[in-house]
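Dear colleague,

I am handing over a structure for you to look through.

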Amino acid sequence: MKLKLLPLLTLLVCLALACTDNCRETRTFRRFTAQTFTAAQIREGVQQEDARALQMPGKIYTKDGYLFINELKEGIHVIDNRNPENPRTLTFLRIPGNGDMAVRNNILYADSYMDLLAFDISNPASIKPVNRVQNVFPNGVFDGASWSFDANSNRINDQRVDYVTETIATNCDNAQPANNGWWWGGTLLSDSRAFNSASPAPNSSGVGGSMARFALYDNYLYTVSQSNMQLFDIRNAANPVIGNKITLGWGIETVFPYKDKLFIGSQTGMQILDNSNPEKPVHMSTFQHARVCDPVVVNDNIAYVTLRSGNTCAGFQNQLDVVDISNLYSPRLLKSYPMKNPHGLGVNFPNLFICEGHYGLKSLDVSNTMDVKQLMHLEGMDAFDVIPLGKTLMMIGRDGLYQFDASNPSKLRQISKIPVTRPWQNI
């Protein structure tokens with residue numbers, strides 16, 4: 001009889017022990033579904049609509065008190081932000097396949113999958129399309145999903161991304177932290193005119209953050225893809241003309257113009273291009289690092305580069321690199337500082353602001369490059385990119401657009417927020 005009870009007793013003991021080691025974990029993951037559009041469907045879908053709530057915000061851009069927020073692959077929210085404590089959404093500009101934007105004078109440039117569009121925004125209540133340059137962007141990435149344009153069939157091959165949440169049993173000891181990936185498939189704009197009064201300034205341009213694939217300088221719009229930089233001559237702002245295409249190599253993510261140089265962020269390093277001839281930038285040097293996501297901003301002779309692990313980057317480093325660029329042909333690492341999961345960043349020297357994904361927003365004192373000090377860490381928000389504007393700081397995150405009084409970087413004070421209607425879970 002005792003022999004028959006042993007297996008049962010053993011099973012009961014194992015179950016009792018196991019119950020202390022099993023956890024249940026809720027995870028949200030992306031499910032990709034192939035979809036195809038005709039070029040006509042995309043081009044016919046451009047229109048101005050009534051204002052609507054944010055759902056999946058992407059890039060941000062600001063000019064003359066107006067704020068432009070990309071709704072990933074859907075279009076652009078136009079917001080009156082002349083009073084940052086009370087921003088007012090004015091209208092929504094539907095642009096299928098939109099991810100980036102820039103503004104010169106009263107002309108808004110925006111991508112729509114394979115095309116570059118130009119809009120007259122002098123009257124935000126009545127935005128008018130003024131030009132379209134067709135078939136200039138052959139491919140791209142949204143939310144980790146690649147798309148491509150087939151000129152022969154005139155079709156866009158894309159992937160719809162759905163977020164699926166499920167609860168599963170896990171081993172507590174081996175439970176993995178939530179994935180820190182973002183839904184943004186690319187990166188934001190920064191215009192050198194906000195930082196360099198010595199550059200030619202016959203026109204008025206806006207300013208954005210560090211996660212850009214579009215940038216403006218002199219009479220040119222620069223747009224980077226995964227491997228190339230396509231230039232557009234915008235001397236006639238309403239009529240962009242295709243210019244030179246510069247080969248940059250694979251894994252290109254961001255472009256940051258500073259003075260007469262272009263700083264290109266890639267998955268393997270920071271490239272520096274001489275832009276003294278804005279029509280034809282020339283490669284000067286590359287600061288190499290391990291394979292990680294890489295935006296960059298610059299102040300004087302120092303470049304600040306954030307390296308982060310992520311789904312599309314396949315890297316494991318999370319840090320801030322401070323790089324000496326006094327010799328542009330030989331950039332030199334001064335020091336690295338550990339971070340949690342840094343995304344976009346913005347500099348208003350002597351302060352640097354870094355978005356740490358779902359770890360929040362950090363304010364740093366970078367007056368001493370060898371002894372960077374953290375001034376403040378705001379948690380409880382997901383931070384993607386920032387735009388420092390003197391005493392005001394804009395931050396875009398997965399749960400909305402935050403604005404802070406940054407007159408004291410040690411005590412950032414939130415002054416407004418434009419929320420999303422359905423904030424995403426940690427992914």
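In these notes, contact means heavy atoms within 4.5 Å. This is a predicted model, in which local features need pLDDT of at least 70 and side-chain atom pairs count only at pLDDT 80 or more, while totals for chains, interfaces and linings use all residues. Residues are numbered from 1 along each chain as its sequence is written, and side-chain values use heavy atoms, with hydrogens and water left out. Helices (H or I, at least four residues) and strands (E, at least two) are DSSP runs numbered from the N terminus. Buried stands for under 20% relative accessible area, exposed for over 50% and partly exposed for anything in between, with a 1.4 Å probe and protein chains only.

Backbone first. Most residues other than glycine have a negative phi, and most peptide bonds are trans. Against that background, the peptide bond from Phe 349 to Pro 350 is cis, with omega near 15 degrees, and Pro 350 sits in the loop between strand S27 (345–348) and strand S28 (351–355). Asp 64, which is not a glycine, has a positive phi of about 50 degrees; it lies in the loop between strand S3 (57–63) and strand S4 (66–71) and counts as exposed, at 55% relative accessibility. Lys 259, again not a glycine, has a positive phi of about 55 degrees in the loop between strand S19 (252–258) and strand S20 (261–266), and with a relative accessible area of 36% Lys 259 is partly exposed.

Next, some individual residues. Lys 63 belongs to strand S3 and counts as buried at 8% relative accessibility. Its side chain makes a polar contact of 3.3 Å with that of Ser 204, where a polar contact is a pair of N or O atoms within 3.5 Å and, within protein, one must be able to donate a hydrogen and the other to accept it, residues adjacent in sequence counting only if both atoms are side-chain atoms.

Arg 413, in strand S34, is partly exposed at 44% relative accessibility; leaving aside neighbours within four places in sequence, Arg 413 is in contact with Gln 403, Phe 404 and Asp 405. Gly 209, buried at 3% relative accessibility, is 178 residues from Ile 387 in sequence but 5.0 Å from it in space, C-alpha to C-alpha.

Finally, the rings. A search of the whole structure finds 6 aromatic pairs, where rings of Phe, Tyr and Trp (its six-membered ring) pair if their centres lie within 6.5 Å, planes under 30 degrees apart counting as stacked, over 60 as edge-to-face and the rest as tilted. The rings of Phe 137 and Phe 214 have centres 6.4 Å apart and planes at 40 degrees, so this pair is tilted. Phe 137 lies in the loop between strand S10 (128–133) and strand S11 (139–142) and Phe 214 in strand S15, so the pair ties together parts 77 residues apart in sequence. Both Phe 137 and Phe 214 are buried. Phe 37, Tyr 113 and Trp 147 form one aromatic cluster.
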